Amino acid sequence: MSLKQTDSAVYGLIEKETEYQKKTLRLIASENYASKAVMEATGSILTNKYAEGYPTKRYYAGNRYVDEIELLAIDRAKKLFNVGHANVQPHAGASANIAAFFAFLEVGDKFMGLDLANGGHLTHGSPVNFSGKWFRPTAYTVDKKTEALDYDAIRKRAIEEKPKLIICGYTAYSLIIDFKAFREICDEVGAVMMADISHFAGLMAGGVYPSVAPYADIITTTTHKTLRGPRGAMIMCPEKNAQRIDKAVFPGMQGGPLENVIAAKAVCFHEAAQPEFRTYAAQVVKNAKALADEFMAHGLRLVAGGTETHLVLVDLTPKGITGKEAQMALEEAGIITNRNTIPFDTRSPFITSGLRVGSAALTTRGMKESDIRHVGSMVVKVIENPNDSELKLKTRKEVEELCDRFPIYR
Ligand SMILES: *Cc1c(COP(=O)(O)O)cnc(C)c1O
């Protein structure tokens, strides 16, 4: 029996969420719309199978086709990112990072990542996260004036702190990272280089972000952000680190892999290897730049002066509104964003002075520069008049019209 027949409560809520996604504009930099093919694989019969272990070395019988699926996903990932080894089993970005840490560090070891309020991720040393509780984080920051990474300062800090591992790759940084510089710093201090490419993996796959493959000892990534696959993650590395990584994922951290999601990852890697995906990735960056231009034309200040990626971080201070207020007003107008701290923010992570937006999801809907500029102008109007109910209502109508012109699923 179908879900509709057996569970009208869950069915009804999924229907509502579908309408909601269709009728709102998603500017959340970490979100995207997976293809129907990706969702079909995620919702497939593979959810029934236990496959603890790795292809041809499973702890359960009956994995002949599951092995083929996982091997296909691994092979596609290796080709897409030009890496020696890929482990496609991590359930999420956070679990991939746990495994990466345990592959190379002992509990209590010191590592270095970008300060969280500067754009680092929760799993890069937050005191409430495993990374900050079980390991000893020390942070580097962006430059106070340029708000960009200062590689000389990072090098100096690394020499002082002598971390065993250094992370690059962030959750709210709009510029392209110099991976070669990180490699040199890591070599100089004898640190493991970990790149968490969760946010911009799709841009890298699409050829508009330099490859990290020649440099990093470990590469972790989610598959559901710019890469546009199922909710999940993977770890990549040079062949020489393959065993450490595989052992850390299973049996180190996880039990049975989600083979339905792994099949969906395989589908996603195939999609991302097509010429159309390169066009998509290039458009994502063009759209982010258009959005940044529109914001700047209206007097918003952009952190780091703009963007080279899918992500734009806005400092709302000149407009006299907090991130929290802006996020709420925009949500009422049908525009979904998230508040974010800006470097050296004086406000708490719950309030924030910034707003983080990204172009990946709207680009998937088919929007081009002029369309996204239109979205940007709506965002600015709402930010400038957050308490104007009439404006928010009018914007909501405009948003719905735009959503009808750019359907999620055709
Ligand atoms: C999103 C993200 C993660 C975590 O991914 P989850 O799937 O939410 O656990 C880790 N690192 C970075 C840099 C991210 O942007």
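So, His-310: leaving aside its neighbours within four places in sequence, this histidine is in contact (heavy atoms within 4.5 Å) with Ala-29, His-199, Leu-203, Thr-226, Val-284, Ala-288, Val-357, Gly-358 and Ser-359. In the chain, His-310 sits in the loop between strand E11 (301-302) and strand E12 (311-315). Strands here are DSSP runs of type E with at least two residues, helices are H or I runs of at least four, and both are numbered from the N terminus.

Before I go on, this is a predicted model: local features need pLDDT of at least 70, side-chain atom pairs count only at pLDDT 80 or more, and totals for chains, interfaces and linings use all residues. Residues are numbered from 1 along each chain as its sequence is written, and side-chain values use heavy atoms, with hydrogens and water left out.

Back to His-310: is it buried or exposed? It's buried, with a relative accessible area of 1%. Buried means under 20% relative accessible area, exposed means over 50%, and partly exposed is in between, with a 1.4 Å probe and protein chains only. The His-310 side chain also makes a polar contact with the side chain of His-199, at 3.0 Å. By polar contact I mean a pair of N or O atoms within 3.5 Å; within protein, one must be able to donate a hydrogen and the other to accept it, and residues adjacent in sequence count only if both atoms are side-chain atoms.

Now let's zoom out to the domains. The assignment, which is an automatic or database one, gives domain 1 (39-272) and domain 2 (277-405). Their C-alpha centres lie 28 Å apart. The contact between them takes 28 residues from domain 1 and 26 residues from domain 2.

How much area do domain 1 and domain 2 bury between them? About 2200 Å², with 61% of it on carbon and sulfur atoms. That buried area is the accessible area (1.4 Å probe) that two parts lose on being put together, summed over both. On the domain 1 side, Glu-147, Ser-174 and Arg-228 lose the most area to domain 2, together 28% of what that side buries.

Glu-147 comes up again: Arg-301 forms a salt bridge with Glu-147, and the closest N and O atoms are 2.8 Å apart. The rule, a side-chain nitrogen of Lys or Arg within 4 Å of a carboxyl oxygen of Asp or Glu, finds 1 salt bridge across this interface. For polar contacts, the count between the two domains is 12 residue pairs, both residues at pLDDT 80 or more. Helix H9 (201-205) and helix H11 (259-272) each supply at least two residues of the domain 1 side that touches domain 2. The largest share of that side, 3 residues, comes from H9.

Next, Asp-345, in the loop between strand E14 (338-340) and strand E15 (354-358). Asp-345 is buried as well, with a relative accessible area of 16%. A polar atom of its side chain lies 2.9 Å from the backbone nitrogen of Arg-347. Beyond its neighbours within four places in sequence, Asp-345 is in contact with Asn-340, Thr-352, Ser-353 and Gly-354.

Last topic, cysteines. How many disulfides does the structure hold? It holds 0, a disulfide being a pair of cysteine sulfur atoms within 2.5 Å. Take Cys-237: its sulfur is 15 Å from the closest cysteine sulfur, in Cys-168, so that's too far for a bond. For Cys-268, the closest cysteine sulfur is in Cys-237, 19 Å away, again too far for a bond. Cys-237 is buried at 2% relative accessibility, and Cys-268 is buried at 1%.
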